[in-house]
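These are my notebook entries on one structure. I set down what I looked up, entry by entry.

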Amino acid sequence: MYQRKIGKGILGFSAVTLMVSVLLFSCEKYVFDPPELDPDEEVSFANDITPFFTSKCAGCHGGAINPDLRAANSFAALVTDATPATRYVNTVSPETSLIYTKLSAGSHATIATDIEKQKILKWIQDGAQNN
Ligand code: HEC
């Protein structure tokens, strides 16, 4: 008799635990991770980066404010002609590149999306090619 009661208690406790777990886990599916760039996908400067420089940056960075981010000039401004050469792009330490860090702080914090920032970082990590 006594044994049975304990048995039921354990069963009831297990059932409650199970229900709570199900509730907790069912909430889990409403948690979204921020969008991530596919690490295997190659980022092209011309196709993936230049277009949002044109639409979001060149309005201000159109020659008067450095770097010049107009499509025809952005690669040179960021890589070939930059002084010092690592001013905007640092392939040895990509996360410290100004063209990347600038977009996470102050006046520039909300201009580019997470994916756009990740594309810039990936492009630098892959060697900042004129691709
Ligand atoms: C509303 C105008 C405006 C827009 C849009 C804008 N910028 Fe800027 N940006 C500036 C100004 C002004 C400065 C100089 C003052 C400063 O450093 O914040 C600057 C500075 C910078 C610098 C540092 C330059 C240096 O040599 O120190 C970088 C890098 C930069 N912008 C990148 C970008 C990128 C990339 C975008 C587009 C995603 C962008 N900016 C959009 C106005 C703008």
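I began with the definition of helices: they are DSSP runs of H or I with at least four residues, strands are runs of E with at least two, and both are numbered from the N terminus. I noted that the model is predicted, that local features need pLDDT of at least 70 and side-chain atom pairs pLDDT 80 or more, while totals for chains, interfaces and linings use all residues. Residues are numbered from 1 along each chain as its sequence is written, and side-chain values use heavy atoms, with hydrogens and water left out.

Entry on the backbone. I looked up the cis peptide bonds. One runs from asparagine 66 to proline 67, with omega near -10 degrees. Proline 67 lies in the loop between helix 2 (45–56) and helix 3 (74–80). Another joins threonine 83 and proline 84, with omega about -10 degrees. I placed proline 84 in the loop between helix 3 and helix 4 (98–101). Alanine 128 has a positive phi, near 50 degrees, and is found in the segment after helix 5 (114–125). I noted that most residues other than glycine have a negative phi, and most peptide bonds are trans. Alanine 128 counts as buried because its relative accessibility is 6%; buried means under 20% relative accessible area, exposed over 50%, and partly exposed in between, with a 1.4 Å probe and protein chains only.

Entry on the iron. Which protein atoms are donors of the iron atom of the ligand? I found NE2 of His61 and NE2 of His108, lying 1.9 Å from the iron atom. Donors are N, O and S atoms within 2.8 Å of the metal (3.2 Å for Na, K and Ca); water is not among the atoms, so sites may look incomplete. The site has six donor atoms with angles of 88 to 179 degrees and is octahedral (six donors, opposite ones over 155 degrees apart and all others between 65 and 115). Histidine 61 is in the loop between helix 2 and helix 3 and histidine 108 in the loop between helix 4 and helix 5, so the pair ties together parts 47 residues apart in sequence. Both histidine 61 and histidine 108 are buried.

Entry on polar contacts (pairs of N or O atoms within 3.5 Å). I found an N or O atom in the side chain of tyrosine 88 at 2.7 Å from an oxygen atom of the ligand. A polar side-chain atom of lysine 102 also lies 2.7 Å from an oxygen atom of the ligand. Helix 2 and helix 4 are the elements that give two or more residues to the shell around the ligand.

Terms used: Four donors count as tetrahedral if all angles lie between 85 and 135 degrees; four count as square planar and six as octahedral if opposite donors are over 155 degrees apart and all others between 65 and 115; anything else is irregular. A polar contact is a pair of N or O atoms within 3.5 Å; within protein, one must be able to donate a hydrogen and the other to accept it, and residues adjacent in sequence count only if both atoms are side-chain atoms.
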